[in-house]
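Here's a quick briefing on the model below. Have a look at the sequence and the fold, then read on for the overall build, the pockets and a few local details.

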Amino acid sequence: MFEKQPQDLRQKVKQLATEALSKSDPSAWFEVLYAEAQGDTTQIPWAKLTVNPYLQNWLLTYNPQSQGRSALVIGCGLGDDAEALAELGFQVTAFDISATAIAWCRQRFPDSPVTYAIADLLDIPSQWHHTFDLVVESRNLQALPLSVRSCAIRAVASLVAVQGTLLLINRFRETEAEPDGPPWPLSNSELAQFEALGLSEVRRTLLMDPEQPDVKHIRLEYQRQIY
């Protein structure tokens, strides 16, 4: 989330997140950040204007079935991951809580087959429950504080259809101690909640950035067998 970002931008994000948390609205800061960027992608820490490399590697390595299958991208940002899935043949829905981000996606990809929507992970539309064959959650959970972590995890899990796949890409912490964030990396006990919600872990990959050896990322693939 903060990889190779200037200190002033990291500080701004932390301040916005802290203010939103103090107002009991932990997701509110995303729209503020996108709106204040005024079209400048350098002011969005995660806006690389390219598909997430950990997602791209998974797609190339495992070549998931895409034809006739639905996919959902959580917190889609500026749309690059969603567009990559659509290019492979998935029927893609992508949402973000930020109306500015969704408008930005539509401006970047005016002819896209992706259905872009404004939605809140903490208040998921009921028609999406157990609907999608592939759900991609990349770096959104780590951007939410531990006070809403379990609620957010339940929401993510609820989106996966029977026999569907959840691909989770987030920062990882090896301790259960509460981290200073954002971002707030996920712990093993938090990840275990997905299995308690009916998802079976298929494979786990720890990912290390050689330029930031102290930052750990994890890529997890789950499958739902039952509701």
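**Overall build**

Among contacts in the chain (heavy atoms within 4.5 Å) between residues at least 6 apart in sequence, 65% link residues at least 24 apart. Keep in mind that this is a predicted model, where local features need pLDDT of at least 70 and side-chain atom pairs count only at pLDDT 80 or more, while totals for chains, interfaces and linings use all residues. Residues are numbered from 1 along each chain as its sequence is written, and side-chain values use heavy atoms, with hydrogens and water left out.

**Fold and dimensions**

- The chain has seven helices and seven strands, taken as DSSP runs numbered from the N terminus (helices are H or I, at least four residues; strands are E, at least two).
- Starting at the N terminus, the order of elements is α-α-α-β-α-β-α-β-β-α-β-α-β-β.
- The radius of gyration is 16 Å, close to the 17 Å that the globule rule gives for 227 residues, so the chain is as compact as a globular protein of that length. That radius is taken over C-alpha atoms, and the rule is 2.2 Å times the number of residues to the power 0.38.
- Along the principal axes, the C-alpha atoms fill a box of roughly 45 × 45 × 35 Å.
- Of the 227 residues, 53% are buried (buried is under 20% relative accessible area, exposed over 50%, partly exposed in between, with a 1.4 Å probe and protein chains only).

**Largest pocket**

- The largest pocket holds about 750 Å³ of space. A pocket here is an open set of points on a 1 Å grid over the protein atoms alone, where a 1.4 Å probe fits, with protein on both sides within 12 Å along at least five of seven lines; lining residues have an atom within 4 Å of a point. Points are joined across faces, edges and corners, and the volume is the space filled by probe spheres set on them.
- Its lining has 37 residues, and the closest to the centre are Trp46, Asn52, Asp81, Ser138 and Arg139.
- Helix 2 (29-37), helix 3 (53-62), strand 1 (70-74), helix 4 (80-88) and strand 2 (91-96) each give at least two residues to this lining.
- By class, the lining splits into 19 nonpolar, nine polar and nine charged residues (nonpolar: Ala, Val, Leu, Ile, Met, Phe, Trp, Tyr, Cys and Pro; charged: Asp, Glu, Lys and Arg; polar: the others, Gly among them).

**Second largest pocket**

- This one has about 220 Å³ of space.
- Among the residues lining the second largest pocket are Val51, Gln56, Asn63, Pro64, Asp80 and Glu87.
- Helix 4 makes the largest contribution to that lining, with five residues.

**Local details**

- Gln38, in the loop between helix 2 and helix 3, has a positive phi near 50 degrees despite not being glycine. With 72% relative accessibility, Gln38 counts as exposed.
- Arg139 also has a positive phi, near 70 degrees, and sits in the loop between strand 4 (132-138) and helix 6 (149-158).
- Helix 6 is largely enclosed by the rest of the structure, because seven of its 10 residues are buried.
- The buried residues of helix 6 include Arg149, Ile153 and Val156, and their cover includes strand 1, strand 4 and helix 7 (188-196).
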